[in-house]
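Please look at the sequence and the 3D structure shown below, and keep both in view while reading the report that follows.

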Amino acid sequence: MASLTASLPPPILLRGRKTLFRTLQKLPVSSARGRRNSAVIVKASSESSESSTSLSIVKSVQNVWDNSDEDKIAVIGLGFSAIVVLWASANVVAAVDKLPIIPNVLEIIGILFSMWFVYRYLLFKPDREELYQIINKSISEIFGK
């Protein structure tokens, strides 16, 4: 069990716009009259690292990395291609966002699809169970189990 406690300091008043290091040395602290210090408390109750999908993906990549040199080249290629796809998709989204009417139409389509998805899969318990089975089936097909 882990816990973390943090107290937030009173707000800082900034006077000048010089470099970060010079400004930090000259910053006055405002008075805390009438204000309470805020506290944040975080507690972790249990660890379930085995059920996490992201950890199993990391373990799968580590197993492939340790197997042979040919697989290492494939993992590096897949990582590079994922970075390129992410960069290209960000540029496509930025280009489409600059067009006059298309972003509004796509937003309406997204809202309508979200409403349909909630009605189809999340509103009733049998539908949620069906979605859970679809997700588990897809995960097992991807990992070949």
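## Overall make-up of the chain

In this predicted model, 5% of the 145 residues of the protein chain count as buried. The secondary structure comes to 5 helices and 2 strands, and these elements follow one another from the N terminus in the order β-α-β-α-α-α-α.

Contacts can also be sorted by how far apart the two partners are along the sequence. Among the contacts in the protein chain between residues at least 6 apart in sequence, 37% join residues that are at least 24 apart.

## The annotated transmembrane regions

An unreviewed UniProt entry carries the annotation "transmembrane region" for residues 73-95 and for residues 101-119.

Val 93 is a residue of helix 3, which covers residues 69-97. Is Val 93 buried or exposed? With a relative accessible area of 57%, Val 93 is exposed, because the cut-off for an exposed residue is a value over 50%. Val 93 and Pro 103 are separated by 10 residues in sequence, and their C-alpha atoms are 9.5 Å apart in space.

## How helix 4 and helix 5 pack

Helix 4 is formed by residues 102-122 and helix 5 by residues 125-143, and the two pack at an angle of about 95° with their axes 7 Å apart. The two helices are therefore roughly perpendicular to each other, because angles of 65 to 115 degrees are counted in that way.

On the side of helix 4, the contact is made by Phe 117, Tyr 119, Arg 120, Tyr 121 and Leu 122, while helix 5 contributes Asp 127, Arg 128, Glu 130, Leu 131 and Ile 134. Sorted by class, the contact of helix 4 with helix 5 has 6 nonpolar residues, 4 charged residues and no polar ones.

How many salt bridges does the count come to? The count comes to 2 salt bridges, and Arg 120, Asp 127 and Glu 130 are linked in a network of such bridges. In one of them, the side chains of Arg 120 and Asp 127 meet with an N to O distance of 3.8 Å. Glu 130 also forms a salt bridge with Arg 120, and here the closest N and O atoms are 3.1 Å apart. This pair links distant parts of the chain, since Glu 130 belongs to helix 5 and Arg 120 to helix 4, with the two residues 10 apart.

Asp 127, by contrast, counts as buried at 18% relative accessibility, because the cut-off for a buried residue is a value under 20%.

## A closer look at Asp 127

Asp 127 is found in helix 5. Which residues does Asp 127 touch, not counting those up to four places away in sequence? With those neighbours set aside, Asp 127 touches Tyr 119, Arg 120 and Tyr 121.

Definitions and conventions
Residues numbered from 1 in each chain as written. Predicted model: local features only at pLDDT ≥ 70, side-chain atom pairs only at ≥ 80, totals over all residues. Heavy atoms only, no water. UniProt positions renumbered as here; feature names shortened; annotations may be inferred. Axes fitted to C-alpha atoms, helices over the stretch in contact; angles between N-to-C directions. Helix = DSSP H or I, 4+ residues; strand = E, 2+ residues; numbered from the N terminus. Parallel < 35°, antiparallel > 145°, perpendicular 65-115°, else oblique. Contact = heavy atoms within 4.5 Å. Nonpolar A, V, L, I, M, F, W, Y, C, P; charged D, E, K, R; others polar. Salt bridge = Lys/Arg side-chain N within 4 Å of Asp/Glu carboxyl O. Buried < 20%, exposed > 50% of the residue type's maximum accessible area, 1.4 Å probe, protein only.
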